[in-house]
Amino acid sequence: MAALEQHADALVTSDDPQHPANLICELCRKFYTLGWVTGTGGGTSIRKDDKLFIAPSGVQKELMRPGDMFVMDFESKEYLRRPPVLKPSACTPLFLAAFTLRNAECCIHTHSQWAVLVTLLCERKASESNVFAISTLEQIKGVPRGYGPEKKGNLGYYDTLKIPIIENTPHEEDLKDTLEQAIQDWPDAHAVLVKRHGIYVWGKDVAQAKTLCESLDYIFQLAVEMHKLGLPWVKE
């Protein structure tokens, strides 16, 4: 048993700052300063080869250590490492949706107040309650255009960014089916908003997921301020 535990610990032990166990801790510390993972909320997962590294549930994300990470075999979905005193992330089924359906290598879940606010503003518009749409903002250029060889690069200034919105549920893992459906219904989406909750963002690698998360949060904040001023999100 001791040998098995040592092998499991070796999965999260590295001096390389880019190792997923180290990188998740560093990212969550940064996300805490942005208000994205306050009160133990939110989470991050990274896929490295055939393994998933997942932040635990119910912990202060800015204080996490590599030894707190769960490690899952991507193919079998069995845990290779389970810290005995921590709980697996309730986000895990949602992370798996992005890894499986979008071949993502990083998925980030935040409780950004700006993400929550735009879902509330969309909720007030019956015809737009299931999608956030905005156009003619420079930061839209930070959002990938979509998937497939014909959709290389990022959106342009005159494009309309659209992000699907799904209903929240009392238990986070119960979002799995509706998030998977949103991914299928919106084949170019790199993110899904959860009403009155937050957002899930994924990317082909950690850098893309992180910069996309930052770009979207900037756009959401602008959208809230635009609404206060009576400015339309989509230019006529």
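In this predicted model, the cover over the buried residues of helix α5 includes α3 (92-102), β7, β8 and β9. The buried residues of α5 are Leu179, Glu180, Ala182 and Ile183. Seen down the helix axis, they fall within an arc of 155 degrees, so they line one face of α5. An α-helix has 3.6 residues a turn, so residues three or four places apart point the same way. On the other side of α5, Asp177 and Asp185 are exposed.

Asp177 also takes part in a charged pair. Lys176 forms a salt bridge with Asp177, and the closest N and O atoms are 3.9 Å apart. Lys176 is partly exposed, with a relative accessible area of 31%. Asp177 is exposed, with a value of 54%. Elsewhere, salt bridges that share partners join Glu26, Arg29 and Lys30 into one network.

The structure holds 13 salt bridges. Side chains of opposite charge can pair when their charged atoms come close. One of the bridges brings together the side chains of Asp188 and Lys151, at 2.5 Å from N to O. This pair links distant parts of the chain, 37 residues apart. Asp188 sits in the loop between α5 (176-185) and β8 (191-194), and Lys151 in the loop between β6 (131-135) and β7 (160-166). Asp188 is partly exposed, with a relative accessible area of 26%. Lys151 is also partly exposed, at 28% relative accessibility. In another bridge, the side chains of Glu138 and Lys141 meet at 2.9 Å, N to O. Glu138 is partly exposed at 48% relative accessible area. Lys141 counts as partly exposed at 39%.

The largest nonpolar core has 49 residues. Those with the most contacts inside this core are Phe132, Ile134, Leu161, Leu193, Leu216 and Phe220. Two or more residues each come from α2 (20-33), β5 (106-110), α4, β6, β7, β8, β9 (198-203) and α6 (206-228). Helix α6 gives the largest share, 10 residues. Leu216 touches Val143, Leu161, Ile163, Ala191, Ile199 and Val201, leaving aside residues up to four places away in sequence.

Cys122 lies in helix α4 (residues 113-123). Its relative accessible area is 1%, so Cys122 is buried. Beyond residues up to four places away in sequence, Cys122 touches Glu128, Ser129, Val131, Phe132, Ile165 and Trp233. One of these, Phe132, is among the residues with the most contacts inside the largest core. Cys122 and Ala133 are 11 residues apart in sequence, and their C-alpha atoms are 9.2 Å apart in space.

Three histidines stand out in the record. For "binding site", an unreviewed UniProt entry lists His109, His111 and His197. These residues span 89 residues in sequence, yet no two of their C-alpha atoms are more than 10.1 Å apart, so they gather at one spot.

His109 is found in strand β5. At 1% relative accessibility, His109 counts as buried. A polar atom of the His109 side chain lies 2.9 Å from the backbone oxygen of Ile199. Ile199 is also among the residues that Leu216 touches. With residues up to four places away in sequence left out, His109 touches Val37, Gly42, Gly43, Cys91, Phe95, Glu172, His197, Ile199 and Tyr200.

His111 lies in the loop between β5 and α4. At 27% relative accessibility, His111 counts as partly exposed, whereas His109 is buried. Apart from residues up to four places away in sequence, His111 touches Gly35, Trp36, Gly41, Gly42, His197 and Gly198.

Terms used: Residues are numbered from 1 along each chain as its sequence is written. This is a predicted model: local features need pLDDT of at least 70, side-chain atom pairs count only at pLDDT 80 or more; totals for chains, interfaces and linings use all residues. Side-chain values use heavy atoms; hydrogens and water are left out. Helices (H or I, at least four residues) and strands (E, at least two) are DSSP runs, numbered from the N terminus. Buried means under 20% relative accessible area, exposed over 50%, partly exposed in between (1.4 Å probe, protein chains only). Contact means heavy atoms within 4.5 Å. A salt bridge is a side-chain nitrogen of Lys or Arg within 4 Å of a carboxyl oxygen of Asp or Glu. A nonpolar core is a set of buried Ala, Val, Leu, Ile, Met, Phe, Trp, Tyr and Cys residues joined through side-chain atoms within 4.5 Å. A polar contact is a pair of N or O atoms within 3.5 Å; within protein, one must be able to donate a hydrogen and the other to accept it, and residues adjacent in sequence count only if both atoms are side-chain atoms. The arc is that of the directions from the helix axis to the C-beta atoms. UniProt positions are given in the numbering used here, feature names are shortened, and annotations may be inferred rather than shown by experiment.
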